[in-house]
Amino acid sequence: MISLNSDRISGLPDEILCHILSFLPTKISVSTSVLSRRWKFQWAYVPSLSFECGEKEDIIDKVFMLRKVDTIHTFRLTQDVVNCPDHQMEAWMTFATAHNLQNLELPYLFSVVVPRCVFTCKTLIDLRLHNCEALIPKGNGVCLPCLKTLHLINTNYDDDDTLQHLISGCPVLDELVIFIGPFSWFPDSCNLSLLTVKTLTVHLEFSVASRFWMANLRLKLNAPALEYLQIIASFHHSRVSKVLLTSSCEANIYLPKDDKKQFDLVYQKSVLEFITWLGLLTSECRRIRLSYRTEVHY
């Protein structure tokens with residue numbers, strides 16, 4: 001008979017406890033050390049690190065030093081580190097990439113430079129960068145042989161060829177998300193060769209200040225293995241050149257929600273012209289779905 005006051009969770013194997021703690025922010029995971037002797041160092045064996053807004057740099061350093069496992073499966077840094085020096089960020093990334101890092105996510109950071117070591121991590125599978133400046137190595141310097149998922153949200157690049165250099169260094173890339181917004185720098189004309197990508201999302205977000213330079217944006221995509229295409233855009237402000245599609249491709253097009261224009265015949269005609277101009281109607285696209293959005297999450 002099980003007592004109502006019995007601690008059934010503490011009786012679980014260490015592997016299960018670590019798996020449960022891996023879903024929590026690291027600060028909360030560490031706080032479980034006060035529960036009992038069994039929990040005192042349990043957090044130190046969790047292969048995932050997630051730091052929320054407000055964590056101090058010395059606390060993050062201490063967590064790195066006290067960990068008792070050699071592998072970091074996931075490293076997620078969501079805090080505002082505007083004043084974090086580049087050498088501190090490089091130290092964290094160097095430590096993580098040297099410990100078999102598989103998933104790296106740097107969301108909602110501003111004025112943060114992603115070190116070069118990230119782009120030569122041979123164990124990385126999933127990379128998601130938000131509002132970052134990427135120090136991507138030139139030429140053949142990118143080596144991400146295991147990377148399958150790449151999200152680039154408002155990411156700044158050194159020059160016109162930087163993005164292609166990055167993608168060329170990912171020989172098994174399967175999913176790519178590119179977000180071009182008012183706070184990102186992107187070349188006016190960009191030709192991308194996505195030979196292995198099966199799922200592609202291109203999101204163009206405009207503001208009053210950015211609509212002028214983004215009006216000349218030309219993005220040409222060569223994606224022979226593509227199966228699913230998602231385009232999120234203010235179509236009347238931008239042009240995405242024809243995409244080379246496979247016969248099995250499925251396309252979703254999301255346009256800004258505007259209740260006043262949604263049933264306007266002129267607006268509907270311009271939507272159809274946009275779809276035609278993309279080349280989707282003339283290709284052997286399996287299905288095209290058009291919808292209006294209010295908010296998009298990645």
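This is a predicted model: local features need pLDDT of at least 70, side-chain atom pairs count only at pLDDT 80 or more; totals for chains, interfaces and linings use all residues.
User: Is asparagine 154 buried or exposed?
Analyst: Asparagine 154 is found in the loop between strand 7 and helix 5, and its phi is near 55°, a positive value in a residue other than glycine. Buried means under 20% relative accessible area. Because its relative accessibility is 9%, asparagine 154 counts as buried.

User: What is the relative accessible area of asparagine 100?
Analyst: The loop between helix 4 (86-97) and strand 3 (103-106) holds asparagine 100, a residue other than glycine whose phi is positive, near 60°. Most residues other than glycine have a negative phi. Asparagine 100 is partly exposed, and its relative accessible area is 39%.

User: Which residue of strand 2 does serine 48 stand opposite?
Analyst: Strand 1 (residues 48-51) has both faces covered, with Ser48 and Ser50 buried on one side and Leu49 and Phe51 buried on the other. In a regular strand the side chains alternate between the two faces of the sheet. Strand 1 runs parallel to strand 2 (residues 74-77), to which four bridges join it, and within strand 2 the residue opposite serine 48 is threonine 74.

How values were computed: Residues are numbered from 1 along each chain as its sequence is written. Side-chain values use heavy atoms; hydrogens and water are left out. Buried means under 20% relative accessible area, exposed over 50%, partly exposed in between (1.4 Å probe, protein chains only). Helices (H or I, at least four residues) and strands (E, at least two) are DSSP runs, numbered from the N terminus. Two strands pair if DSSP finds at least two bridges between them.
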